[in-house]
Amino acid sequence: MKMTLAMSLLIGLASNAYADDYMMGNNFNNGPKLYVGASAGSSKLGDTCNDPFFSGNCNDQDFAWKAFGGARLNPMTGVELTYYDLGSSSMNGTTGGSSAKMDSSTTGTGLTGVGYVPLTPQIEAFGKAGAIAWDNKTSKTVAGNPSEQENATGTSALIGGGAQFQLNNNLRVRGEWEHMFNIGSDSAYETDADLYSLGLSYSTL
């Protein structure tokens with residue numbers, strides 16, 4: 001009896017989720033839905049200012065943006081490809097008694113799987129997980145010596161989540177948070193990055 005009630009509840013929840021999705025214009029009878037969009041917000045490179053030997057001004061936050069495209073495979077899952085510009089971080093002061101300056105900027109391309117959960121006929125939450133291939137450029141000057149330029153690339157894990165609101169059958173407003181692990185050129189400047197953004201997506205299907 002309990003098993004029957006549990007199965008009935010699960011079926012009812014799934015039916016409601018699909019019903020909500022149809023109300024949101026997500027009829028997948030014709031296959032996956034494609035979309036593109038862009039978001040802007042603020043990035044924070046959390047470990048930039050944690051150098052114990054540095055004293056001075058440090059800025060680990062900056063304007064950031066991204067452009068993305070994806071495929072909604074069914075009401076609950078999809079994939080997304082994103083280009084990120086995470087802005088830059090900087091330090092200006094002294095280290096070990098010598099003057100020091102550092103500027104670092106990061107861009108990257110991410111690929112994630114996305115899961116969706118309808119909350120109301122117009123609002124749904126989503127979570128994502130995947131990887132980002134990043135490109136980090138760092139300029140360092142110590143004790144007045146000529147600047148050292150370092151370019152580094154790598155691949156790191158990426159997770160995130162947010163919610164989106166449907167304006168009409170084509171347009172959605174989304175707000176989200178994304179976290180990238182271990183981005184940077186070396187152990188001294190390696191850092192996790194967080195991106196908080198608000199954007200708009202457009203689907204023609």
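Which residue lies over the face of phenylalanine 68, and at what distance from the ring centre? Arginine 174 takes that position, at 4.2 Å from the ring centre; a charge sits over a ring if NZ of Lys or CZ of Arg is within 6 Å of the ring centre and within 35 degrees of the ring normal. The model is predicted, so local features need pLDDT of at least 70 and side-chain atom pairs count only at pLDDT 80 or more, while totals for chains, interfaces and linings use all residues. Residues are numbered from 1 along each chain as its sequence is written, and side-chain values use heavy atoms, with hydrogens and water left out.

**Overall architecture**

- The secondary structure of the chain comes to 1 helix and 9 strands, where helices (H or I, at least four residues) and strands (E, at least two) are DSSP runs numbered from the N terminus.
- The order of elements from the N terminus is α-β-β-β-β-β-β-β-β-β.
- Of the 205 residues, 36% count as buried; buried means under 20% relative accessible area, exposed over 50%, and partly exposed in between, with a 1.4 Å probe and protein chains only.
- Among contacts with a separation of 6 or more, 62% join residues 24 or more positions apart, a contact being heavy atoms within 4.5 Å.
- The chain exposes about 10500 Å², of which carbon and sulfur atoms supply 61%; accessible areas come from the Shrake-Rupley method with a 1.4 Å probe, and for residues only the protein chains shown count as cover.

**Salt bridges**

- The structure holds 10 salt bridges, each defined as a side-chain nitrogen of Lys or Arg within 4 Å of a carboxyl oxygen of Asp or Glu.
- Lysine 44 and aspartate 60 form a salt bridge with an N to O distance of 3.0 Å.
- Because lysine 44 lies in strand S1 (residues 33–45) and aspartate 60 in the loop between strand S2 (54–59) and S3, this pair ties together parts that are 16 residues apart in sequence.
- Lysine 44 is partly exposed at 33% relative accessibility, whereas aspartate 60 is buried at 11%.
- Glutamate 80 and lysine 128 also meet in a salt bridge, at 3.0 Å from N to O.
- Glutamate 80 belongs to strand S4 and lysine 128 to strand S6, so the pair ties together parts 48 residues apart in sequence.
- Glutamate 80 is buried, at 1% relative accessibility, and lysine 128 is buried with a relative accessible area of 5%.
- The side chain of lysine 128 also meets that of glutamate 176 in a salt bridge (3.0 Å, N to O).
- This pair links distant parts of the chain, with lysine 128 in strand S6 and glutamate 176 in strand S8, 48 residues apart.
- Glutamate 176 is buried, with a relative accessible area of 6%.
- A network of salt bridges links Lys66, Glu80, Lys128, Arg174, Glu176 and Glu178.

**Aromatic rings**

- The count comes to 3 aromatic pairs; rings of Phe, Tyr and Trp (its six-membered ring) pair if their centres lie within 6.5 Å, and planes under 30 degrees apart count as stacked, over 60 as edge-to-face and the rest as tilted.
- Tryptophan 65 and tyrosine 83 form a tilted pair, 5.6 Å centre to centre with 50° between the planes.
- Tryptophan 65 lies in strand S3 (residues 61–72) and tyrosine 83 in strand S4 (residues 77–95), so the pair ties together parts 18 residues apart in sequence.
- Tryptophan 65 is partly exposed, at 34%, and tyrosine 83 is partly exposed, at 35%.
- The rings of tyrosine 116 and phenylalanine 126 are also tilted, because their centres are 6.3 Å apart and their planes stand at 50°.
- Tyrosine 116 lies in strand S5 and phenylalanine 126 in strand S6 (residues 123–142), so this pair ties together parts 10 residues apart in sequence.
- Tyrosine 116 is buried at 4%, and phenylalanine 126 is buried at 7%.
- Arginine 72 lies over the face of tyrosine 116, at 3.5 Å from the ring centre.

**Individual positions**

- Threonine 106 is found in strand S5 (residues 98–118) and is buried at 2% relative accessibility.
- Not counting residues up to four places away in sequence, threonine 106 touches Asp85, Leu86, Gly87, Trp134, Asp135, Asn136 and Ile183.
- Asparagine 182, in strand S8 (residues 171–183), has a positive phi of about 55° although it is not a glycine.
- Asparagine 182 is partly exposed, with a relative accessible area of 42%.
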